[in-house]
Amino acid sequence: MNHLRLEIICWSCLLIAMAVSTEAASVWKLPTAQMVYEDLEKCRQESQEEDAATLRCLVKKLGLWTDESGYNARRIAKIFAGHNQMEELMLVVEHCNRKEQDTSHLDDWAFLAYRCATSGQFGHWVKEFMSQKEVER
C-alpha cells in the first residue's frame with residue numbers, strides 16, 4: 001500500500017512539474033530588435049562591458065539560454081522562421097551548443113557557441129534582425 005501511495009505522489013509531482021514548465025514555455029514571446037537593444041544596455045552595465053558575460057546575460061534575459069542546456073535552438077529558430085530554414089538553423093545551433101559546451105565556464109560557452117553558430121548565413125540573419133531597430137527610428 002505504501003509503495004502505491006509513493007508511486008502516486010511521484011507521478012503527481014512529475015505532472016505538476018510538467019505543467020509548470022509548459023506554462024513557463026508558453027509565456028515566452030518573440031523578442032523585437034527594440035527589446036534586444038534595451039536588454040543589451042542593461043547587460044553591458046551589469047557585466048562591465050565584458051563581451052562573453054554581456055552576451056550570456058542578454059540571451060538569458062531574452063529566454064534563449066539556460067545554464068543547464070545552453071541555447072534554446074527552437075526559440076532561436078522561431079525568431080528567424082521567415083527564412084524558412086528552421087530545421088537547419090536548429091541543427092546548427094544544437095551542433096555549436098554541444099561543440100562548445102563547458103558548464104564550468106558558462107560565459108565562454110555562450111560566447112563560443114554564438115560565434116560558431118553565427119559564422120555562416122545565420123550571422124547575416126542576426127545582423128538583419130538587429131538592423132530593424134535602425135528602420136524603426
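Contact means heavy atoms within 4.5 Å, and that cut-off is the one to keep in mind for the first two views. The model is predicted, so local features need pLDDT of at least 70, side-chain atom pairs count only at pLDDT 80 or more, and totals for chains, interfaces and linings use all residues. Residues are numbered from 1 along each chain as its sequence is written, and side-chain values use heavy atoms, with hydrogens and water left out.

Glu100 sits in helix 5; helices here are DSSP runs of H or I with at least four residues, numbered from the N terminus. Is Glu100 buried or exposed? Its relative accessibility is 19%, so Glu100 counts as buried, where buried means under 20% relative accessible area, exposed over 50%, and partly exposed in between, with a 1.4 Å probe and protein chains only. Residues up to four places away in sequence aside, Glu100 touches Trp109, Leu112 and Ala113.

**View B. Asn97 and its contacts.**
Helix 5 is also the place of Asn97. With a relative accessible area of 8%, Asn97 is buried. Which residues does Asn97 meet beyond its neighbours within four places in sequence? They are Trp65, Ser69, Gly70, Tyr71, Trp109 and Ala113.

**View C. The disulfide of Cys43 and Cys57.**
The whole structure holds 2 disulfides, a disulfide being a pair of cysteine sulfur atoms within 2.5 Å. In this one, the sulfur atoms of Cys43 and Cys57 are 2.1 Å apart. The torsion about their S-S bond is about -70°, so the disulfide is left-handed. Cys43 belongs to helix 2 and Cys57 to helix 3, so the pair ties together parts that are 14 residues apart in sequence. Cys43 and Cys57 are both buried.

**View D. The disulfide of Cys96 and Cys116.**
Here Cys96 is joined to Cys116, with 2.1 Å from S to S. The link is left-handed, with -65° about the S-S bond. Because Cys96 lies in helix 5 and Cys116 in helix 6, the pair ties together parts that are 20 residues apart in sequence. Cys96 and Cys116 are buried. Counting bonded cysteines along the chain, the disulfides follow the pattern 1-2, 3-4.

**View E. Glu50 in its loop.**
Look for Glu50 in the loop between helix 2 and helix 3. Its relative accessibility is 39%, so Glu50 counts as partly exposed. A polar atom of the Glu50 side chain lies 3.4 Å from the backbone nitrogen of Ala52. Glu50 and Asp107 are 57 residues apart in sequence, yet 9.7 Å apart in space from C-alpha to C-alpha.

**View F. The largest pocket.**
A pocket is an open set of points, on a 1 Å grid over the protein atoms alone, where a 1.4 Å probe fits, with protein on both sides within 12 Å along at least five of seven lines; lining residues have an atom within 4 Å of a point. The largest pocket has about 620 Å³ of space, the volume being the space filled by probe spheres set on the points. Its lining has 29 residues, and Leu55, Leu58, Val59, Tyr114 and Val126 lie nearest the centre. Which helix gives the largest share of the lining? Helix 3 does, with 5 residues. By type, the lining divides into 23 nonpolar, 2 polar and 4 charged residues; Ala, Val, Leu, Ile, Met, Phe, Trp, Tyr, Cys and Pro count as nonpolar, Asp, Glu, Lys and Arg as charged, and the others, Gly among them, as polar.

Key
Helices (H or I, at least four residues) and strands (E, at least two) are DSSP runs, numbered from the N terminus. A polar contact is a pair of N or O atoms within 3.5 Å; within protein, one must be able to donate a hydrogen and the other to accept it, and residues adjacent in sequence count only if both atoms are side-chain atoms.
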